Amino acid sequence: MEDELSCAVCHDLYKDPVLIDCDHSFCRSCITQYWEKAVTASCPICRKETSSRDLRPIRTLSNIVELFVKSDKGDKTQQECSRHQEKLKVFCKTDNQPICVICQISKNHQNHEMLPVEEAAGEFKMRRSCEELRTELDLIQEKQDECDDIKSDFEETLTHIQDQSVKTEKQIKAEFEKLHQFLREEERIVLEDLKLEKEKKSQEMKERIEKITEEISSLSITVQDIEQELSEQDNIKFLTKFPDIQRRVKRTLPEPQEVYPLINVGKYICSLQYRVWKKMLTVINTAPVTFDPNTASPSLLLSEDLSTVRYTGKRQQLPDNPERFDPCVCVLGSEGFTSGKHSWEVEVGNKTDWDVGVAKESINRKEGITISPDNGYWAMALEEGNEYWAYEETLKRLDLSVKPRKIRVCLDYEGGKVSFYNSDNKSHIYTFTGTFAEKLYPYFSPGLTDGGKNTEPLKICPRTVTIQEDEGFNPSSK
């Protein structure tokens with residue numbers, strides 16, 4: 001290393017290194033003095049003449065030389081006695097430290113057992129202490145392997161995060177495109193209606209204009225005729241025709257105009273956004289709860305809109321993050337609650353095995369779990385196709401006369417209640433009571449396949465949105 005960092009002229013470490021045209025480097029003072037003595041400016045190494053005597057400083061090389069000098073000094077310092085600046089050649093076995101020859105004859109080390117450092121090093125390598133070091137080294141190696149595994153997990157998680165971002169961005173764009181498409185279609189319908197009304201009423205006004213134009217022409221002829229009659233010089237003839245003239249005048253007078261067929265602007269503009277919003281509620285997903293994919297067991301498959309979950313039996317390559325259930329086939333809702341009343345409806349269909357309810361944020365999600373209020377779960381379940389249970393501290397069998405296809409879960413946080421209802425006939429199934437002190441999340445498990453009888457997914461049902469309007473309510477004035 002020292003040779004690589006030495007000048008070819010002075011054979012010492014570079015001092016203010018510079019670069020000449022042929023890309024060889026020297027100390028600034030060395031190359032300057034060399035050129036002063038030489039007839040032509042040439043390189044001391046390759047003898048190539050240079051057309052320019054410009055010297056380009058190499059700061060990176062200068063920094064490397066400086067670091068090398070500091071490192072070399074440090075190494076020499078470690079090899080020397082701090083008190084006598086002599087090399088450490090002797091090892092004091094009594095004090096378990098290397099010393100110099102001056103320390104060896106000092107009072108501090110009188111009657112101490114000494115060995116040359118080479119012999120002491122060999123003895124230590126053969127002694128039990130070396131075995132202890134080997135054991136510790138093995139532990140360190142194990143720790144390194146563990147860190148390597150963690151690093152690998154982190155790298156896989158990073159890849160998963162990037163994949164999540166790409167898929168989520170694609171889904172967001174798709175969902176907004178659906179809304180945009182809906183709005184564009186609504187806009188097209190409204191504009192088409194406006195166009196049809198415009199054409200209809202424009203045609204009606206054109207017909208009126210044509211008709212009134214004919215009337216104007218007829219009236220013009222009548223006026224000319226009457227003016228001619230009025231100019232009659234024979235008084236007897238005039239008086240004889242006068243009653244007929246009066247009748248003709250009355251008959252030709254224009255009838256009063258009807259109301260103009262203007263476009264009903266209010267029909268299109270009034271409460272436009274409100275009306276479109278109401279219609280939009282019939283096409284968008286209004287599910288009050290969605291599944292959280294970061295909590296889903298690797299054996300569960302969620303739909304893109306996060307409203308259905310099914311057990312696949314095949315493990316996906318997913319990060320083993322703390323929030324994820326594994327190996328239990330469970331998943332939580334995306335939103336947790338710390339207050340208020342909340343409800344959601346789960347379609348269980350003809351499944352033979354499922355769990356639904358709520359769970360605390362701090363629940364155990366790894367290895368085996370026991371579902372009970374003491375462990376942070378308030379849930380009911382179906383097993384074996386016809387056995388309904390409430391997961392109290394002691395399992396409680398529920399006798400249901402009707403097999404529910406939809407279960408409504410109702411949480412009253414302040415009231416300390418979690419209730420379950422059969423959505424089909426609105427009948428009450430069971431209510432847990434207790435005290436809640438932390439965030440609660442909707443809890444679900446679609447169960448295993450049960451020999452192919454339990455393959456249907458669990459599905460969170462969209463909420464039916466009803467808009468109650470007071471009598472005489474005018475949305476445009478609100």
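Strands are DSSP runs of E with at least two residues, and helices are runs of H or I with at least four; both are numbered from the N terminus. By that rule, strand β9 covers residues 326-327 and contains P327. The structure described here is a predicted model.

## Backbone features

The peptide bond that leads from D326 into P327 is cis, with omega near 15°. Two residues other than glycine have a positive phi. For S271 the angle is about 55°, and this residue sits in the loop that joins α7 (265-269) to α8. With a relative accessible area of 14%, S271 is buried, because the cut-off for that class is under 20%. For L306 phi is near 60°. L306 belongs to the loop between β7 and β8 (308-311), and a relative accessible area of 24% makes this residue partly exposed.

## The largest pocket

The largest pocket holds about 1300 Å³. Its lining consists of 38 residues, and those closest to the centre of the pocket are Q171, S303, E304, D305 and L306. Two elements, α5 (128-230) and β7 (300-302), each give two or more residues to this lining. The largest share comes from α5, with 17 residues. By class, the pocket lining comprises 16 nonpolar, 13 polar and nine charged residues.

## The enclosed cavity

The model has one cavity of 30 Å³ or more. The space in the largest cavity amounts to about 40 Å³. Four of the lining residues are nonpolar, two are polar and three are charged.

## Aromatic contacts

A pair of aromatic rings is described by the distance of the centres and the angle of the planes. The model has nine aromatic pairs, and two of them are set out below.

| Pair | Centre to centre | Angle between planes | Geometry |
|---|---|---|---|
| Y274 and W277 | 6.0 Å | 40° | tilted |
| F420 and F432 | 6.1 Å | 75° | edge-to-face |

The Y274 and W277 pair is local: both residues belong to helix α8 (residues 272-280), where they stand three residues apart, and therefore about one helical turn separates them. W277 has a relative accessibility of 41% and counts as partly exposed. The class of the second pair follows from its angle: the planes of F420 and F432 stand at 75°, and pairs with planes over 60 degrees apart count as edge-to-face.

F420 and F432 come from two strands. F420 is part of strand β18 (residues 417-422) and F432 is part of strand β19 (residues 427-433), so their contact ties together parts that are twelve residues apart in sequence. F420 is buried, at 0% relative accessibility, and F432 is also buried, at 1%. Elsewhere, W378, Y413 and F436 make up one aromatic cluster.

Charged side chains also meet aromatic rings. The charged end of R365 sits over the ring of F325, at 5.9 Å from the ring centre. R397 lies over the face of W389, 5.4 Å from the centre of the ring.

## The six-stranded sheet

Six strands with antiparallel pairing build an open sheet in the order β10-β20-β12-β14-β15-β16. The edges are held by β10 (331-332) and β16 (396-398); each has a single partner strand, so one side of each has no neighbour in the sheet. What does β16 pair with? Its partner is strand β15 (residues 387-390), in the antiparallel sense and over three bridges. Within this pairing, Y388 stands opposite L398 of β16.

Notes
Residues numbered from 1 in each chain as written. Predicted model: local features only at pLDDT ≥ 70, side-chain atom pairs only at ≥ 80, totals over all residues. Heavy atoms only, no water. 1 Å grid on protein atoms, 1.4 Å probe; cavity = no way out; pocket = protein on both sides within 12 Å on 5 of 7 lines; lining within 4 Å. Points joined across faces, edges and corners; volume = space filled by probe spheres on them. Nonpolar A, V, L, I, M, F, W, Y, C, P; charged D, E, K, R; others polar. Phe/Tyr/Trp six-rings, centres within 6.5 Å; stacked < 30°, edge-to-face > 60°. Buried < 20%, exposed > 50% of the residue type's maximum accessible area, 1.4 Å probe, protein only. Lys NZ or Arg CZ within 6 Å of the ring centre and 35° of its normal. Pairing = 2+ DSSP bridges.
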